[in-house]
Amino acid sequence: SYTSPNVFTKDVVIAPLSPTVFGGEVVSYSIAPALPFGLSFDTASGVISGTPSVISGSSTYTVTATNSGGSTSFGIVITVNDSAPSSLSYTSPNVFTKNVAITPLSPSVSGGAVVSYSIAPALPVGLSFDTASGVISGTPSVISGSSTYTVTATNSGGSTSFGIVVTVN
């Protein structure tokens with residue numbers, strides 16, 4: 001057996017995973033299917049180690065320990081998530097004029113690739129928010145006092161948020 005399930009982060013070295021085996025001495029280990037790229041499997045010790053370099057959904061890898069008396073298997077579950085997005089920011093504060101198109105506001109973000117963006121509360125009427133790109137655009141059609149809108153950028157590794165201040169005069 002191994003510790004399972006395991007959730008790793010892309011490009012972050014893992015603590016080696018060693019098997020626990022009872023019974024006779026193991027002569028060799030095998031694994032199927034192949035581990036996510038960047039992880040290695042030692043066929044002599046059964047140790048899984050390395051630095052995963054690709055994102056991989058939750059999968060079961062069957063490790064088999066063998067000796068002259070037979071074999072035993074264990075299904076170890078491994079997931080590799082992206083590194084969380086970080087350092088999200090926009091130009092802020094923003095003062096717009098009612099009925100005048102704004103220059104679109106694009107986010108700056110570090111870390112892993114963003115899968116989706118969200119915003120709360122909803123922007124003033126006439127402004128739109130693209131959940132794929134995080135871009136704020138449009139023509140505000142109502143006057144709105146200074147308010148903070150929280151944008152969140154998310155991927156499999158986590159999320160990061162930023163409060164963008166918008167006023168419509």
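A residue is called buried when its relative accessible area is under 20%, exposed when it is over 50%, and partly exposed in between (1.4 Å probe, protein chains only). The model is predicted, so local features need pLDDT of at least 70 and side-chain atom pairs count only at pLDDT 80 or more, while totals for chains, interfaces and linings use all residues. Residues are numbered from 1 along each chain as its sequence is written, and side-chain values use heavy atoms, with hydrogens and water left out.

**View 1. The tilted aromatic pair of Tyr-2 and Phe-74.** Two aromatic pairs are present in the structure; rings of Phe, Tyr and Trp (its six-membered ring) pair if their centres lie within 6.5 Å, and planes under 30 degrees apart count as stacked, over 60 as edge-to-face and the rest as tilted. In the pair of Tyr-2 and Phe-74, the ring centres are 6.2 Å apart and the planes stand at 35 degrees, so the pair is tilted. Distant parts of the chain are linked here, since Tyr-2 belongs to the segment before β1 (6-9) and Phe-74 to strand β6, 72 residues apart. Tyr-2 is buried because its relative accessibility is 8%, whereas Phe-74, at 27%, is partly exposed.

**View 2. The tilted aromatic pair of Tyr-90 and Phe-162.** The ring centres of Tyr-90 and Phe-162 are 6.3 Å apart, and their planes at 35 degrees make the pair tilted. Tyr-90 is located in the loop between β7 (85-89) and β8 (94-96) and Phe-162 in strand β14 (residues 158-168), so the pair ties together parts 72 residues apart in sequence. With a relative accessible area of 7%, Tyr-90 is buried.

**View 3. Strand β5 and its partners β2 and β6.** Helices (H or I, at least four residues) and strands (E, at least two) are DSSP runs, numbered from the N terminus, and two strands pair if DSSP finds at least two bridges between them. Strand β2 (residues 28-32) runs antiparallel to strand β5 (residues 56-67), to which five bridges join it. Ten bridges connect β5 with strand β6 (residues 70-81), again in the antiparallel sense, and the hairpin formed by β5 and β6 has two residues between the strands. Val-63 of β5 is the bridge partner of Ile-31 and also stands opposite Phe-74 in β6.

View 4. Contact means heavy atoms within 4.5 Å. Leaving aside residues up to four places away in sequence, Ser-144 touches Pro-124, Tyr-149, Thr-167 and Val-168.
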